[in-house]
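Here's a walk through one protein model, written for someone who likes to look at backbone torsions and packing geometry. Have the viewer open and follow along.

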Amino acid sequence: MTHAIQIHELGDPDVLRWEQVELPKPGHGQALVRHTAIGLNYIDTYHRSGVYSLPQLPHVLGVEAAGVVEAVGEGAGVAPGDRVAYAASPPGAYSEARVIDADKLVPIPDAISDEVAAASLVKGMTAEFLIKRTYPVQAGEWVLLHAAAGGVGSIAVQWLNNIGARIIGTVGSDVKAERAQQLGCDHVIVYTREDFVQRTLEITSGEGVHVVFDSVGKATFPGGLEVLRRRGMMVGFGNASGRPD
């Protein structure tokens with residue numbers, strides 16, 4: 001037996017329950033991982049509230065963690081004692097341990113702590129998918145990135161800065177604005193007191209941006225369309241404020 005945070009019904013945080021759960025033995029190609037650190041992601045709230053569906057209820061939340069392999073099934077390709085991390089569905093990371101398909105595990109380099117590994121995989125893979133594959137950003141292009149000081153934003157800003165993009169980041173406070181600037185934003189808009197549409201068009205001399213990366217959703221989606229230049233791309237990858245109309 002081990003412990004996990006499960007939900008038996010959809011709803012607010014008070015549906016979370018710390019409970020004993022029984023783990024199966026790892027089967028073919030599987031590993032039992034004892035967690036040492038767990039990543040928290042906004043998608044966890046979508047699973048909890050029902051915005052995104054879970055396979056069934058009750059269910060353990062969480063899609064990201066790091067830990068140590070304790071046992072393996074035949075053909076797992078990892079060994080007891082290996083330090084590993086994962087970002088994988090179905091959810092189940094809010095637990096002391098879990099059995100998971102071993103092909104979803106990645107080794108943790110010695111220079112990386114368990115905490116960093118558990119906190120960076122989902123955000124890092126998201127950033128890579130956005131700026132390398134969804135819209136391959138080129139040096140000199142204008143990018144509007146909402147939530148620039150958040151989890152995905154913190155990685156994406158540094159990556160975009162390394163590419164040589166011109167980055168406009170939106171944030172909700174002066175503290176976050178300072179962080180976004182330190183990470184590499186060329187311009188930071190505090191949307192709680194500034195009109196990000198007006199400011200973005202001013203910054204780009206009315207031409208607009210090549211791409212908008214939007215994880216906020218309902219509150220920002222219409223404005224994002226307004227700041228796109230001709231044949232620009234609008235990329236929605238989250239709905240923190242609700243689904244766009």
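**Helices against helices**

Keep in mind that this is a predicted model. Two packed helices are described by the angle between their axes and the distance between the axes. Take helix α2 (residues 114-134) and helix α3 (residues 151-163) to start with: their axes come within 8 Å and cross at roughly 45°. The two helices are therefore oblique to each other, and the crossing of α2 and α3 is right-handed.

Who does the touching? On the α2 side, the contact residues are Ser120, Lys123, Gly124, Thr126, Ala127, Glu128, Leu130, Ile131 and Lys132. They meet Gly151, Val152, Ile155, Ala156, Trp159, Leu160 and Ile163 from α3. Sorted by class, that contact has 9 nonpolar, 4 polar and 3 charged residues.

α3 also packs with helix α4 (residues 174-183), here at an angle of about 35° and with the axes 9 Å apart. Ser154, Val157 and Gln158 of α3 meet Arg179, Ala180 and Leu183 of α4. By class, this contact of α3 with α4 has 3 nonpolar, 2 polar and 1 charged residues.

Then there's helix α1 (residues 42-49), whose buried residues are Asp44, Tyr46, His47 and Arg48. Among the elements that cover those buried residues of α1 are β1 (2-7) and β2 (16-21). Just after α1 comes glycine 50, with a positive phi of about 100°.

**A lysine and its neighbours**

Which residues does lysine 104 touch, leaving aside residues up to four places away in sequence? The answer is Ala85, Tyr86, Ala88, Ser89 and Pro90. Lysine 104 itself sits in the loop between β7 (97-101) and β8 (106-107), and is partly exposed, at a relative accessible area of 30%. A polar atom of the lysine 104 side chain lies 2.5 Å from the backbone oxygen of serine 89.

| Cis peptide bond | Omega |
|---|---|
| Leucine 57 to proline 58 | near -5° |

**Positive phi without glycine**

Where does alanine 147 lie? Look in the loop between β9 (142-145) and α3. Alanine 147 has a positive phi of about 55°, although it is not a glycine. With 31% relative accessibility, alanine 147 counts as partly exposed.

Arginine 231 also has a positive phi in a residue other than glycine, with a value near 65°. This one is found in a strand, β13 (residues 228-236). Is arginine 231 buried or exposed? Its relative accessible area is 78%, so arginine 231 is exposed.

Terms used
Residues numbered from 1 in each chain as written. Predicted model: local features only at pLDDT ≥ 70, side-chain atom pairs only at ≥ 80, totals over all residues. Heavy atoms only, no water. Axes fitted to C-alpha atoms, helices over the stretch in contact; angles between N-to-C directions. Helix = DSSP H or I, 4+ residues; strand = E, 2+ residues; numbered from the N terminus. Parallel < 35°, antiparallel > 145°, perpendicular 65-115°, else oblique. Left-handed = near helix turned anticlockwise from the far one by under 90°. Contact = heavy atoms within 4.5 Å. Nonpolar A, V, L, I, M, F, W, Y, C, P; charged D, E, K, R; others polar. Buried < 20%, exposed > 50% of the residue type's maximum accessible area, 1.4 Å probe, protein only. Polar contact = N/O pair within 3.5 Å; in protein donor to acceptor, adjacent residues only side chain to side chain.
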